[in-house]
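Subject: Structure for your review

Dear colleague,

Please find the structure below, together with its sequence. I would be grateful if you could read the notes after it alongside the coordinates.

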Amino acid sequence: MTDQHDPGLSPATLAVHAGRPHPRQGGAVNPPIPLNSTYVSQGEVPPGELAYARADTDAWHGFEEALAALEGAGERGIVFSSGMAAVAAVLSLVPDGGTLVLPRHAYQTTSGYADELAERHGVTVRRVDIADTDAVVAALDGADLLLIESPTNPMLEVADLPALLAAARERGVPTAVDNTFATPLGQRPLTLGADLVLHSVSKYLAGHSDVILGAVLTSDATLAERIRGYRTVHGAVAGPFEVWLALRGLRTLPLRFERACANAAELARRLAEHPDVAEVRHPSLPGDPGHERASAHMNAYGAILGVRPVTDPGSGPAATADAVVARCRLWVPATSLGGVESLIERRRRWGTESATVPEDLLRLSVGVEDVEDLWVDLDRALRADTLGG
Ligand SMILES: *Cc1c(COP(=O)(O)O)cnc(C)c1O
């Protein structure tokens, strides 16, 4: 249905062109939003032919092809109704009684789901510091899946992705990378040896804080079949309009991500010298623990910052951070990330956030606004403490 593109094209070009209908005189430039639950069919259904929209629908294909092109996946992508549905599909590869290796600072709902697998399905969950390569490799023995997040949420630890993927491959342990934070523009794990990549499309890929969607990518036909089969059976299917919005968002991902990363690096640099800031975490900073690694294998440092304000002795760490959020006028106080608008939140306001995340850590999702406007608002919100305001 759609045009095939040379995978050698740059991501900026693929994001714009992949997954469009084949150009023809009078034809549509964009894919339509087909609304069908069923398709005309009788007799045996050959592979690839549409029959019922829970199993497959052309409403997904444009987005699935475009994302596969960006991630360098050999198989068409597999879109899901949410990032968590994609996580659940990937974790279904761990059998009952099996072993899962997971970052201690994994996305918190992923971490909670792993607890449930442990409780109800006897899965052993080995939680590791994903930045400690030796510790991760030591945890691989007999594991059924290594799920990597890098940079981690919200601590922004950077894994040595090439080393971990190579070590897992040597030991025959399948690997999946949650690439939500880095996006395919920051790193392409499949090209570094990962078996699977997953995304919360709700974040950078769709990019406008208006849809919940997920996706799984792979170059392995057998794995693709299993993941697709999981989607069909569990019914975690995406709506045609959401997928259309996600493809529309994906077209500008390179522009949005480039600006957001540039803004984030500039804000990180200024925050590191701010008198009311105790700590800034961002791999772009030369002193950051993840800086060298990110410089070695990533194409971008990402646009999420971790910031800890200097504690106001009168109120304590959590209240100090809450007060900074409350004083922001431009930065929107909200969870989530990857939209065009800048968001700020104190992560430990969620009772389920890991206790190893500092109480006063603010996660900043830097958007595409003018960096000076972002700075003025943030600077004022941070300073008000020392001004007694
Ligand atoms: C948001 C997120 C998820 C879950 O995605 P949803 O679309 O919210 O279901 C998974 N992993 C990471 C890293 C995320 O940021």
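The following paragraphs set out what was found, from the whole chain down to single residues.

**Basis of the values**

This is a predicted model, in which local features need pLDDT of at least 70 and side-chain atom pairs count only at pLDDT 80 or more, while totals for chains, interfaces and linings use all residues. Residues are numbered from 1 along each chain as its sequence is written, and side-chain values use heavy atoms, with hydrogens and water left out.

**Overall form**

The protein contains 13 helices and 12 strands; these are DSSP runs numbered from the N terminus, with helices being H or I of at least four residues and strands being E of at least two. Its radius of gyration is 21 Å, close to the 21 Å given by the globule rule for 389 residues, so the protein is as compact as a globular protein of that length. The radius is taken over C-alpha atoms, and the rule is 2.2 Å times the number of residues to the power 0.38. Along the principal axes, the C-alpha trace spans about 75 × 55 × 35 Å.

Of the 389 residues, 54% count as buried (buried is under 20% relative accessible area, exposed over 50%, partly exposed in between, with a 1.4 Å probe and protein chains only). The accessible surface comes to about 16400 Å², and carbon and sulfur atoms hold 52% of it; areas come from the Shrake-Rupley method with a 1.4 Å probe, and for residues only the protein chains shown count as cover.

Among contacts with a separation of 6 or more, 67% are between residues 24 or more positions apart, where contact means heavy atoms within 4.5 Å. The protein has 33 positive and 50 negative charges, and their mean positions are 3 Å apart. Lys and Arg count as positive and Asp and Glu as negative, without His and the chain ends; each charge is placed at NZ of Lys, CZ of Arg, CG of Asp or CD of Glu.

**The five-stranded sheet**

An open sheet with mixed pairing has the strand order β8-β9-β12-β11-β10; two strands pair if DSSP finds at least two bridges between them. At the edges stand β8 (277-281) and β10 (332-333), each with a single partner strand, so one side of each is left without a neighbour in the sheet. Strands β9 (residues 304-309) and β12 (residues 362-365) run antiparallel and are joined by four bridges. Within β12, S365 stands opposite I304.

**Backbone details**

Most residues other than glycine have a negative phi, and most peptide bonds are trans.

- The S150 to P151 peptide bond is cis, with omega near -5°; P151 lies in the loop between β4 (145-149) and α6 (161-170).
- N153 and P154 are also joined by a cis peptide bond, with omega about 0°, and P154 lies in the loop between β4 and α6.
- L156, found in that loop, is not a glycine, yet has a positive phi of about 60°. L156 is buried, at 4% relative accessible area.

Elsewhere, S336 lies in the loop between β10 and β11 (343-346). S336 has a positive phi of about 80° although it is not a glycine, and is partly exposed at 27% relative accessible area.

**A helix residue**

S111 is placed in helix α4 (residues 108-121) and counts as buried at 13% relative accessibility. Leaving aside residues up to four places away in sequence, S111 touches L102, A106 and R127.

Yours sincerely
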